[in-house]
Amino acid sequence: MSGSHYISKSKFLWGLQCPKLFWLAYNAKELIPEPDAATQAIFEQGHDVGGLAKKMFPDGVEVGGDVHNLDETIRLTQPALKLRKPLFEAAFSAGGGYCRPDILRPAPQNAWDLIEVKSSTSLKDVHLDDLAFQTWVLTGAGLKIRRIYLCHINSDFVRKGEIDPKKFFTLEDVTDQTAELAQLVADKLDDMFKVIRQRKHPDIKIGPRCNDPYGCALVDHCWKFLPSHSVFDLYRGGKKGFDLLEQGITTLEGISDDFKLTEKQGIQKQVAISVKPYINKKGIAKFLARLEYPINYLDFETFNSAIPLFDGLHPYQQVPFQFSLHTVKAPGAKPEHVMFLSEGRHDPRPEFMLKLRDSVSRTGSIVAFNAPFELGRMRECCEAMPKFSPWLKGIEGRVVDLLGPFRSFDYYHPDQHGSASMKAVLPALTGKGYDDLGIQEGGTASNEFLRVTFSEVTEAERRRVRQQLEEYCGRDTEGMIWITDALGGCD
Ligand code: SF4
């Protein structure tokens, strides 16, 4: 049997998520898009985490590192097993399935412990399915498995100097839960082989499975039949969209009067029928009355990494590396702009906080979109650098959240598609957006910052990306001014 006829672990998990996805993966591969840059960044992070976990086993042996042929790696695994040393990425096949366990640790009586490394900070159901599949294949290949572990990140870990992988990871014994699930693998694989052989893909309707346990790569393909303003725009709709779809209703205006909607969802339906934005003038006026000049429009960009880059950080802690501040001193005045974008490979937070403290005006409002995010980052910086705490305490009361009028639905435009995020609000309310920029959203901003700061790139490339970062963060604060002005014109 050649490698292409095995069902891999990742395909097995796809098969559990959705038989249609599974069928297409074998019979219409071309429909499945290549992973985007964000997904690629997650893979690379997983690779780094896996590398750190291997350091727990200094005498470990990498199996078939440079070999890309699966059958060859399976063959190379056999002599490696005889070494009775921890094995990394050994390869096995049995019963039509194959897997490459992250780590196999020798256990007494010729047995092995199976250790799967994940970049998450807790155990998830999908990890058990993953391990059950591997256990089934390994047992079928003749291995005696003693214990089964999920090796995930310890969220309480705080970096102090060199990272000790034994403290960074938590080994969770999942032998009992996994063993039960492993008994079901044979039947599931049988079903999956039947699915592969079908002439047409199984008729699977869209549903919560499209995003559980992972966002499916075929969402654009399977969901394209929906109208552009659909029942899935319902704000915090939960499963209401699927309930409505089940009744054959796809548009907001098609929702019958006896279908229970929240007040905000009711506004969405009303807006879909009238094709006009909903405006609560009183609510907007109350919000605007809170703003005091000089108005500071503030936005942060942050990155996070599974493995903390600097001392004092938890895994995945957000690290601010950039801010943009537009200050409008008086009604109609030209906005003044200040920026900070960290330079170099050190912890950006001390300089970030110094520059921020020097730049925010001593009086007036500080406006952010989803302000708890900015406040949260500043509070974390103060925990690390308490000298900034008195300043932060002094400004906290001046912070105003521009998300407020949109989250409360004092303003709602159908083009927001049920979202109150800045990326949805700005174009809907002002007709302007991010389309003309090289970087158009925060995830790309942080990945690009990390790439040009911590990996080897040419100076020209670094400068190009930093320019794009400045334009992107600047657009966020400029955009907040445009949004505030547009709200002012809503009477
Ligand atoms: S988008 Fe949903 S229905 Fe389509 S293949 Fe993916 S999980 Fe299945």
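Guide: What follows describes the pocket, then a sheet that supplies part of its lining, then the site of the ligand.

This is a predicted model, in which local features need pLDDT of at least 70, side-chain atom pairs count only at pLDDT 80 or more, and totals for chains, interfaces and linings use all residues. Residues are numbered from 1 along each chain as its sequence is written, and side-chain values use heavy atoms, with hydrogens and water left out.

The second largest pocket has a volume of about 440 Å³. A pocket here is an open set of points on a 1 Å grid over the protein atoms alone, with protein on both sides within 12 Å along at least five of seven lines, and lining residues have an atom within 4 Å of a point. Grid points are joined across faces, edges and corners, and the volume is the space filled by probe spheres set on the points. The lining of this pocket counts 21 residues, and those closest to the centre are Asp299, Phe369, Asn370, Phe373 and Lys423. By class, the lining holds eight nonpolar, eight polar and five charged residues. Ala, Val, Leu, Ile, Met, Phe, Trp, Tyr, Cys and Pro count as nonpolar, Asp, Glu, Lys and Arg as charged, and the others, Gly among them, as polar.

β10 (295-303), α14 (371-384), α17 (422-430), α18 (442-454) and α19 (459-488) each supply at least two lining residues. The largest share, four residues, comes from β10. Helices (H or I, at least four residues) and strands (E, at least two) are DSSP runs, numbered from the N terminus.

β10 is also part of an open sheet of five strands, ordered β12-β11-β10-β13-β14, with mixed pairing. Two strands pair if DSSP finds at least two bridges between them. β12 (336-341) and β14 (399-401) each have a single partner strand, so one side of each is left without a neighbour in the sheet. From one strand to the next the twist averages 25 degrees. β13 (residues 366-368) runs parallel to β14, joined by three bridges, and Ile366 stands opposite Val399 in β14.

The ligand takes up the space of the largest cavity, a cavity being a set of points where a 1.4 Å probe fits but cannot get out. Cys18, Leu21, Cys210, Cys216, Leu218, Val219 and Cys222 surround the ligand. This shell has seven nonpolar, no polar and no charged residues.

Terms used
A residue is near a molecule or strand if one of its heavy atoms lies within 4 Å of it. A molecule sits in a cavity or pocket if more than half of its atoms lie within 2 Å of its grid points. Axes are lines fitted to C-alpha atoms, for helices over the stretch in contact, and angles run from 0 to 180 degrees between N-to-C directions.
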